[in-house]
Amino acid sequence: FLFRKRLTLDILQEVIDTFETRLTQAGIELEAHSIADQGPVIMGDEDRLRQMFANLIENTVRYTDSPGVLRINHYCSLQKLTLVLEDSAPGVPSEALDRVFDRLYRVDKSRSRALGGSGLGLSICREIVIGHGGAIRASQSSLGGLLISIEFQLVKA
């Protein structure tokens, strides 16, 4: 990856802006407060981070029932930035949560590639996060869908 300083939340906001129309058309309400103009900086590859955020939001567009919700939050400490993306139903069965980042794994085997993708999106996200020295986890969302939590180490000023 080509690493350089970049405001990660600015990249996330750019991706959100490109998906706003698709989310609205899919009947998914976006809840993302104060994403842009924040200070957390990580060393990162802008293109790969953009790809990761796009993959995560694309999954919400594809798999969340309408009407639905996509909630995006961030939390910052002195050492790390935590991003949390969670959507509403349908969720992922508990037994599948450990496998959602596996290459070619799809929760619903009956989905075709045209409807359900190739099973690479979350695997690519995991590789991007690991390549940036971060961690990514999946769990049940309080909204009834999937919660993705991503942690990155912050750049010291």
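## Surface and burial

What does the accessible surface of the chain come to, and what percentage of it belongs to carbon and sulfur atoms? In this predicted model, the accessible surface amounts to about 8,200 Å². Carbon and sulfur atoms contribute 50% of that area.

The chain has 157 residues, and 44% of them are buried.

## Fold

The chain contains four helices and seven strands. Their order along the sequence is β-α-β-β-α-β-β-α-α-β-β.

Among contacts in the chain with a separation of 6 or more, 71% are between residues 24 or more positions apart.

## Salt bridges around E151

The chain has 12 salt bridges. One of them joins the side chains of K80 and E151, with an N to O distance of 3.4 Å. K80 belongs to strand β5 (residues 80–88) and E151 to strand β7 (residues 144–153), so this pair ties together parts of the chain that are 71 residues apart in sequence. K80 is classed as partly exposed because its relative accessibility is 31%, a value that falls between the limits of under 20% for buried and over 50% for exposed.

E151 also forms a salt bridge with R137, at 3.9 Å from N to O. R137 is located in strand β6 (residues 135–140) and E151 in strand β7, so the bridge ties together parts that are 14 residues apart in sequence. With a relative accessibility of 43%, R137 counts as partly exposed.

## The R126–D102 pair

The side chains of R126 and D102 form a salt bridge with an N to O distance of 3.9 Å. This pair links distant parts of the chain, 24 residues apart. R126 lies in helix α4 (residues 121–131), whereas D102 is in the loop between β5 and α3 (113–116).

Are R126 and D102 buried, exposed or partly exposed? R126 counts as partly exposed because its relative accessibility is 23%. D102, at 25% relative accessibility, likewise counts as partly exposed.

Methods: Residues numbered from 1 in each chain as written. Predicted model: local features only at pLDDT ≥ 70, side-chain atom pairs only at ≥ 80, totals over all residues. Heavy atoms only, no water. Salt bridge = Lys/Arg side-chain N within 4 Å of Asp/Glu carboxyl O. Helix = DSSP H or I, 4+ residues; strand = E, 2+ residues; numbered from the N terminus. Buried < 20%, exposed > 50% of the residue type's maximum accessible area, 1.4 Å probe, protein only. Contact = heavy atoms within 4.5 Å. Areas by Shrake-Rupley, 256 points an atom, 1.4 Å probe, with all protein chains shown as cover.
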